[in-house]
There are 2 protein chains.
Amino acid sequence: IEAADAEQLHALCDELHPADMADLLGLLHEDERVRLIELLGGGLPAETLAELDSDIRESVVLALKPEKLAEAVADLDTDDAAFVLEDLDEEKRAEILAEIPVPDRIALHQALDYEEESAGRLMQREVFAAPAYWTVGQIIDRLRGSDDLPDRFYEVFVVDPTFKPVGSVPLSTLLKTPREVPISQIMSDRELRLIPVTMDQEEVAYLFEQYNLISAPVVDESERLVGMITVDDVVEIVHEETHEDMLAMTGVAAESGLSDSVIETARFRVPWLVVNLFTAMLAGSVVGAFGATIEQIVVLAALMPVIAGMGGNAGTQTLAVTVRALATKTLTFSNAARVVMREAGVGLVNGLVFGVLLSLLAGGWSLFMSGDPDRSVKLALVTGSAMTINLVIAALAGILIPLGLHRLGADPAVASGIFLTTVTDVTGFFVFLGLATIVLL
Amino acid sequence: IEAADAEQLHALCDELHPADMADLLGLLHEDERVRLIELLGGGLPAETLAELDSDIRESVVLALKPEKLAEAVADLDTDDAAFVLEDLDEEKRAEILAEIPVPDRIALHQALDYEEESAGRLMQREVFAAPAYWTVGQIIDRLRGSDDLPDRFYEVFVVDPTFKPVGSVPLSTLLKTPREVPISQIMSDRELRLIPVTMDQEEVAYLFEQYNLISAPVVDESERLVGMITVDDVVEIVHEETHEDMLAMTGVAAESGLSDSVIETARFRVPWLVVNLFTAMLAGSVVGAFGATIEQIVVLAALMPVIAGMGGNAGTQTLAVTVRALATKTLTFSNAARVVMREAGVGLVNGLVFGVLLSLLAGGWSLFMSGDPDRSVKLALVTGSAMTINLVIAALAGILIPLGLHRLGADPAVASGIFLTTVTDVTGFFVFLGLATIVLL
């Protein structure tokens, strides 16, 4: 299709849903992408721009002709328009903003002034509000007459004279109610959650999920209604934030995407690997300290990665469960002590199961190889106890590391996988080789 | 508060939002939970039931008086009612269903007949549809007259004479349009995605996210409209499914929650740990095979966990990125080859960086300890090369394992962390000790 057949491409791309078109652009190689946009005449539909993944957005936006881009941006609701422009450098952004009609431009400037990942960035300024004394009929007439409405909305926000939201009416309730009923009779404040412009988007997503919200009013410091956030924007954030947890656990910066260059991607992943190099050397030096023991009983060198590895994986299981529980707020400080005890219990149960299993395997194997029953029983005991102890410690580390990071106000997921494997390696090696030195030498 | 003061508890719980009440129940200990429900007279508001976490739902439902439960269930939309009842055993469920009025009971039976995690389970049967020739005015009049409507809805679905959905009209568009306009003029089929009752909930969540849907019609095999799914149900699924990925990577069954007992939880985590025990022993046996080498050069035992551990963590980074890319469908078979090459490139860059770093550290340390420059250079070369090779292999394993699982039709995340550490341990030990045997002995 890349054979420069502009007309056929036009026809094809017109049929695609904006979201699919955006995905197509994501799948293409950088050069193909620029070429496709050229063939489409240097422009893309506004909705497609709003759907682009953040890691390819910049390259697409730069490939567009500025006047086509400005036209498309002016078409979008403020939240989508800010999303399209946020990654550009100052100069380029100013150039595009200059081509946008003045009222839209002011709104966009204000939107871009809010911090990234805040409610202010997420909201659209187009919002419909009504005073409490209006009737259903008045509202419907007003809606029919107005053309400055948001593209889509799901609730009418009811405001007091200071423009503070005091209630909301879902459109379905509005439609079910006779014209003469005043809105104050059908509005409810139970479902209403005011969102300050400065709220972090993760917190916004939590409110939407917890209270099954479809849209919510955004207010400034004096609680005046300044915009609204709708659930379709939030669905994406829920997805993003949850994946961020998964990536953060392994020490990957969340901004890295599949379309970044090799060097860029490597750079995103290096920082925590450097930390990991030193923590791994710490674990290595524990082994080094027991060099004399290993020299005499080489079989220890073969068993020690089993004990450390099992600790690492069991601890990562606890870690994943804990990060999830913190994110969904089912783990809070009020029940932390109980959950920690429970995880320690799980670690103990697993530790006993696998301790017995591994000690039988190690003892049996040693007996088979050396024919020395006394020594084999001792090896079995050392191996089994080390496994049990390490799995208990792994469980404790798996829950205490994210809880500790959370208490310090840090992201509980960040690089926790690296901290965890350090703990399980160091204690696994130390306990196993230490016990072996005492019992077997 | 647990001091049996029923009245004060009543007042307190009445004030709570159903979602917060459900969270409170989740934070309580099993016994306290049963006690609280007793004090509240054996009943809970219907909405609170719908908000319960799945792992405590069963215990709460069993603590309620059957007649109070039946009353609450009859109040709910079918999707929430099915959700409350799905975990109960046959007998208990029949007992409750018997107390529910006949039409609701039939609907509930049908809902429970659909598979868990399918669109049929997720949908509510209450849905409003209109033929295409109606006018906006007719629809509004009909909505005002009817009382069998869903609690909340966001779109009117337009159906043809066979009850097949042919378009939809958002309520906001309906409200903006004069009464006399026929609905066929304002409906659109662009945003319409028909969801078959059998579709998996993960697929449903993907459609909602991809196309920014607020609600979608659910159809049976003959494409007749049978219900609808709304976005509030989907937000929770997006969250669940994404967390499932994170848990699956570490080999935790997703059903496990913070409120399960210690033994139950341990049982959930054991299966993959058993697999891990054998894969770890595989890695251990590689070390065992090089016992003679280690006996002569004990410092290798201290360096080998560093190389294996770095491989494990770097590979897990790639793994997390890949699982995410597969879930968001930014990685598909059409661009797989390119992304694999890119990850291999990232592995090579990181491998060179950390290979050089570790070889300098290992060589310097060896020189300091032994004073033998020739031997130290050799050790540095072996260590550095092993690190580089292992990081490239780690990167390849991190992307090829989930891609392979995906191609086999399995969940790309499932236990991939365990497979990955096996690969990085085995190759890390093998390459490092093998090279050492060749070069240093």
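Q: In what order do the three strands of the chain B sheet come?
A: This is a predicted model, and in it the order is β4-β5-β6 in chain B, forming an open sheet with mixed pairing.

Q: Which strands sit at the edges there?
A: β4 (195–196) and β6 (225–230) of chain B, each of which pairs on one side only.

Q: And β5 with β6(B), how many bridges? Parallel or antiparallel?
A: Five bridges, and the sense is antiparallel: β5 of chain B covers residues 215–219. Within that pairing, Val219(B) has Leu225(B) in β6(B) as its bridge partner.

Q: OK, over to chain A. What's the strand order in its open sheet?
A: Three strands again make an open sheet, in the order β1-β2-β3 of chain A, and the pairing is mixed. From one strand to the next, the twist averages 35°.

Q: How many bridges join β2 to β3(A)?
A: Five, with β2 (residues 155–159) of chain A running antiparallel to β3(A).

Q: Which residue in β3(A) is the bridge partner of Val158(A)?
A: That's Gly167(A).

Q: Switching to the interface: how many residues of chain A are in contact with chain B?
A: 122 residues of chain A, in contact with 122 of chain B.

Q: What area is buried between chain A and chain B?
A: About 10900 Å², with carbon and sulfur atoms giving 65% of it.

Q: How many salt bridges across the interface of chain A and chain B?
A: The rule finds two. One of them pairs Arg269(A) with Glu343(B), where the closest N and O atoms are 2.9 Å apart.

Q: And residue pairs in polar contact between chain A and chain B? How many?
A: 17, counting pairs where both residues are at pLDDT 80 or more.

Q: Which helix gives the most to the side of chain A that touches chain B?
A: Helix α18 of chain A, residues 299–327, which gives 18 residues.

Q: How do the residues on that side of chain A divide into nonpolar, polar and charged?
A: On the side of chain A that touches chain B, 64 are nonpolar, 33 polar and 25 charged.

Terms used:
Residues are numbered from 1 along each chain as its sequence is written. Chains are lettered from A and ligands numbered from 1 in the order in which they are written. This is a predicted model: local features need pLDDT of at least 70, side-chain atom pairs count only at pLDDT 80 or more; totals for chains, interfaces and linings use all residues. Side-chain values use heavy atoms; hydrogens and water are left out. Two strands pair if DSSP finds at least two bridges between them. Helices (H or I, at least four residues) and strands (E, at least two) are DSSP runs, numbered from the N terminus. Axes are lines fitted to C-alpha atoms, for helices over the stretch in contact, and angles run from 0 to 180 degrees between N-to-C directions. Contact means heavy atoms within 4.5 Å. Buried area is the accessible area (1.4 Å probe) that two parts lose on being put together, summed over both. A salt bridge is a side-chain nitrogen of Lys or Arg within 4 Å of a carboxyl oxygen of Asp or Glu. A polar contact is a pair of N or O atoms within 3.5 Å; within protein, one must be able to donate a hydrogen and the other to accept it, and residues adjacent in sequence count only if both atoms are side-chain atoms. Ala, Val, Leu, Ile, Met, Phe, Trp, Tyr, Cys and Pro count as nonpolar, Asp, Glu, Lys and Arg as charged, and the others, Gly among them, as polar.
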